[in-house]
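Me: I would like to go through this structure by asking what each label rests on. Please set the values against the definitions.

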Amino acid sequence: MGMFDAMEISASGLTAERMRMDVVAQNLANAQTTRGVDGQPYRRKEVVLAERGGEGTFGAALAGAMSSGTKTTSSSGTSGALGGVEVAAIAEDQTPLKQVYDPGHPDADANGYVQMPNVDSVAEMVDLISAQRAYEANVTAMQAAKQMFAKTLELLR
Amino acid sequence: VESKDGRSLLLEREIRPVLFDTTQLALERAIGGAAQRHAALAANLANVNTPGYQRVDVDFQSALRGALAGGPEAVEHTTFATQRDATAVTRADGNSVDADAESAKLAANALEQQAAVSVAHTRIAILRSAMGVS
């Protein structure tokens, strides 16, 4: 349990929410893309978030190394260290692509239909707002942590 | 100091200088507990969009209240457990974090911590004043 755990956790939340915003932006930018990197119509991407355990962080490794030599006396009562959140994967949405009748389009099939990306711009906007609010919540948590640490340092004055 | 009769031993124990009493130790543990709780609440906010995540919390007040009954030794060695909150309402995606409630708890916890720091700071100032150091 280090002093800056809370800030690291909030930072992981900021990273994850920023990634969600990036992916939303990518989806909106490619809402009409009929030729993706694989030559197929663009498919909507989605961020998969997963809880991160505290084991993999630098702070946890340092605490482990520090406590192996000396005996720990107090404040190690955490059951499963907290590590915040991480982006587990960026998955492709496998819902069917939209069929649009546009015979003049270069990518139209024999019947005149074009396969358009399965991006719903309204859903993307909702995701964007959700990511933005979650980002703000993490910023608030980080500011509160900063204030708390600053206040604790006042004990030395 | 050698003494054979129990009375002077008792006297000796009573006049043992105690710079940091139970209240001061409890304040220090409360500051630590609030920091730990803040980490837990921050983890909840970081995982507000993680499917299946169950919120965590630290009930350091109850642990401290229990330890206060056990005297200064118990208070000094109190540890707080970060626990999964199984009572919270779970959303359809298995997540039980309510961002508004977490933010409110976070603000209250920060104020609580700052109050504890203020009191601890004032007590140290009183001690310093009594010792004659500025």
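Reply: A polar contact is a pair of N or O atoms within 3.5 Å; within protein, one must be able to donate a hydrogen and the other to accept it. By that rule, 10 residue pairs are in polar contact between chain A and chain B, both residues of each pair at pLDDT 80 or more. The model is predicted.

Me: Which elements of chain A supply at least two residues of the side that touches chain B?

Reply: They are α1 (5-29), β1 (45-53), β2 (82-92) and α3 of chain A. The largest share, 12 residues, comes from α3(A). By type, the side of chain A that touches chain B divides into 15 nonpolar, 15 polar and seven charged residues.

Me: How many residues does each chain bring to the contact, and how much area is buried between them?

Reply: Chain A brings 37 residues and chain B 36. The buried area is about 2800 Å², with 64% of it from carbon and sulfur atoms.

Me: What makes Glu51(A) and Arg84(B) a salt bridge?

Reply: The cut-off is 4 Å between a side-chain nitrogen of Lys or Arg and a carboxyl oxygen of Asp or Glu. The N to O distance for Glu51(A) and Arg84(B) is 3.0 Å, so the pair qualifies.

Me: What does the salt bridge between Arg35(A) and Asp107(A) tie together?

Reply: The closest N and O atoms of Arg35(A) and Asp107(A) are 3.0 Å apart. Arg35(A) lies in the loop between α1 and β1 of chain A, and Asp107(A) in the loop between β3 (98-101) and β4 (113-116) of chain A, so the pair ties together parts 72 residues apart in sequence.

Me: How do you know that the span of helix α3 of chain A agrees with its length?

Reply: Helix α3 (residues 121-153) of chain A has 33 residues, which at 1.5 Å a residue should span 48 Å; the end C-alpha atoms are 48 Å apart, so the two agree. At the start of α3(A), a side-chain oxygen of Asp120(A) comes within 3.2 Å of the backbone nitrogen of Val122(A).

Me: What are the confidence scores of the model, and where does pLDDT stay under 50 in chain A?

Reply: The model scores ipTM 0.74 and pTM 0.78. Chain A averages a pLDDT of 85, and chain B has a mean of 86. In chain A, pLDDT stays under 50 over residues 70-79.

Key. Residues numbered from 1 in each chain as written. Chains lettered and ligands numbered in written order. Predicted model: local features only at pLDDT ≥ 70, side-chain atom pairs only at ≥ 80, totals over all residues. Heavy atoms only, no water. Helix = DSSP H or I, 4+ residues; strand = E, 2+ residues; numbered from the N terminus. Expected span 1.5 Å × (residues − 1). pLDDT = per-residue confidence, 0-100. Contact = heavy atoms within 4.5 Å. Buried area = accessible area lost by both parts, 1.4 Å probe. Nonpolar A, V, L, I, M, F, W, Y, C, P; charged D, E, K, R; others polar.
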